[in-house]
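Subject: Structure handover

Hello,

Here is the structure I said I would pass on. My notes on what was found in it follow below.

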Amino acid sequence: MTDRVGDTHRREFLQAAAAATGSALISASSGLLVPLPAFAQDPPAHCPTPPTGGTHFVPGQDKRPIGLRKPIGALSAAEVTQLRKAYTNLRALPATDNRTWVIQADLHALYCRQCTNDSAQIHGSWTFFPWHRAYLYYYERILGSLVNDLDGFRLPYWEWESERTLPTSYRTPAAASNSLWDDKRNGGLAGGGQLPPNDGTSARITFLNSITDFATFGGTASGGGACESNPHNIIHNDTGLPTSPYHDMGNLGYAARDPIFFGHHGNIDKIWSRWNAHAAGSGLPPDAYKNPTSTAFLNSRWSFYDENQKVVSISASDVLDHRTDLRYTYDLLALERVPFLVAYACELIIGPDPEVGATLRVDEAVRANVLTAVRQNAPTALVLEGVQIPAEFVGNFDIFAVKGDRRILLGTIGLMSEVGHGMERAPQTIALDVTEAAADLLATSNPASIRVVPRDGGKAFPLKAAKAEIRMQRR
Ligand code: C2O
């Protein structure tokens, strides 16, 4: 079953918050964090020359022992010391070196079009997961070699679904003497505050594990998947500096200058790895929980610098089996999953006013099926594909089902501005949990409307989708 505890918490929190603010629409933010205003992107002042070409990675070439990547909170004191030493050495490299902290961070900016404006799109497409995995692989090797422990060193990850504050080692001491510290972070989190209660939760991860197709979970050639906007973008926005100049985690051009970027992406990588692990189950469609198999995906190739400052290149197909080929692994949980195996087409009807929101239209037969299932508390998703949101909307946006005074949170969309050159943001797929709200959304009289509520109190965008589907476990 999905995490009912999380859902109950969510409802109680919303009720408490609604009571505290009267009838006004409330955001799910805890109040610990400063709200995010919309912000612009600025590319790094001196974009480095991008590495091109390079020696191809060949699966099997890495013969190191397989090492476990651990949650940051589970590191021993000696491991924290080693991690700090690795970052200290990275930051101390001379500017002529290809591995410097800035060059490594700017590689991320290069590939997210902050610098080059080329068509390589590592956000808002299916290369999101494999590119970041490849990037972390070389980064991990560089850090490991800087402490003479290439074989043993593995990047730790920030398991925000259980570690709800910024890991202590990354924020104290809050001084340059701490190589894991960054001065451009959200003040609430930097001071030890918690993430907003609905952001990056295990309930969200369980929900994503019910999605069986990669396109919805991880994106397509031209559109972003559900995991990218929530939780990936949301945690970026929560961690970054919410006011000018919007560095570091809140700005894709600078995000990788904060060491926590790599902890964050380790966790995203773990979520992808565990999603793939569900493919071993029985009674699933053949492509369930599997990565795309098209050559366009598999042959996507990118260049990086390795620990010897050499230009190397690696393809998406090279990173899919991280255990065998990249020599690291994650603890595998006892996997629970409730796959969504049926999909009903529905229609999202947009009213003229984004503040009023959209309503859902379904066939009578579908309505009856969905309502029967949700009465039995069966997890139900609303999947919106081809959602195009204008680039000026940036920050975290909560989506509610609103019927009368009842407001139920369906999910949050995190938006980062990754297009620095007036290009449009890629369309994306958004997956909302409508289990609690289905009866309101499908009511025959006065159905709930789906409303977008910006956390910063700014303007909402109209929620338009090229295609909408209700997904459930079974007919
Ligand atoms: Cu390339 Cu988390 O961003």
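Buried means under 20% relative accessible area and exposed over 50%, with partly exposed in between (1.4 Å probe, protein chains only). Helices (H or I, at least four residues) and strands (E, at least two) are DSSP runs, numbered from the N terminus.

This is a predicted model, in which local features need pLDDT of at least 70 and side-chain atom pairs count only at pLDDT 80 or more, while totals for chains, interfaces and linings use all residues. Residues are numbered from 1 along each chain as its sequence is written, and side-chain values use heavy atoms, with hydrogens and water left out.

The buried residues of α14 are Val 366, Arg 367, Val 370, Leu 371, Ala 373 and Val 374. Seen down the helix axis, they fall within an arc of 160° (taken from the directions from the axis to the C-beta atoms), so they line one face of α14. Their cover includes strands β6 (342-350), β8 (380-387) and β13 (467-472), and helix α15 (438-441). Just after α14, Asn 377 has a positive phi of about 65°.

The chain as a whole has 15 helices and 13 strands. Of its 475 residues, 58% are buried. Contact means heavy atoms within 4.5 Å; among contacts between residues at least 6 apart in sequence, 77% join residues at least 24 apart.

A nonpolar core is a set of buried Ala, Val, Leu, Ile, Met, Phe, Trp, Tyr and Cys residues joined through side-chain atoms within 4.5 Å. The largest one has 79 residues, and Tyr 135, Trp 158, Phe 217, Phe 262, Phe 304 and Ile 314 have the most contacts inside it. Helix α4 (residues 128-146) supplies the largest share of this core, 12 residues. Apart from this core lies another, of 41 residues, including Leu 415 and Ala 437. Leaving aside neighbours within four places in sequence, Tyr 135 touches Phe 262 and Phe 304, among others.

Finally, the cavities, which are sets of points on a 1 Å grid over the protein atoms alone where a 1.4 Å probe fits but cannot get out. The search of the whole structure finds 4 of 30 Å³ or more, a volume being the space filled by probe spheres set on the points.

Regards

Definitions and conventions
On a 1 Å grid over the protein atoms alone, a cavity is a set of points where a 1.4 Å probe fits but cannot get out, and a pocket is an open set with protein on both sides within 12 Å along at least five of seven lines; lining residues have an atom within 4 Å of a point.
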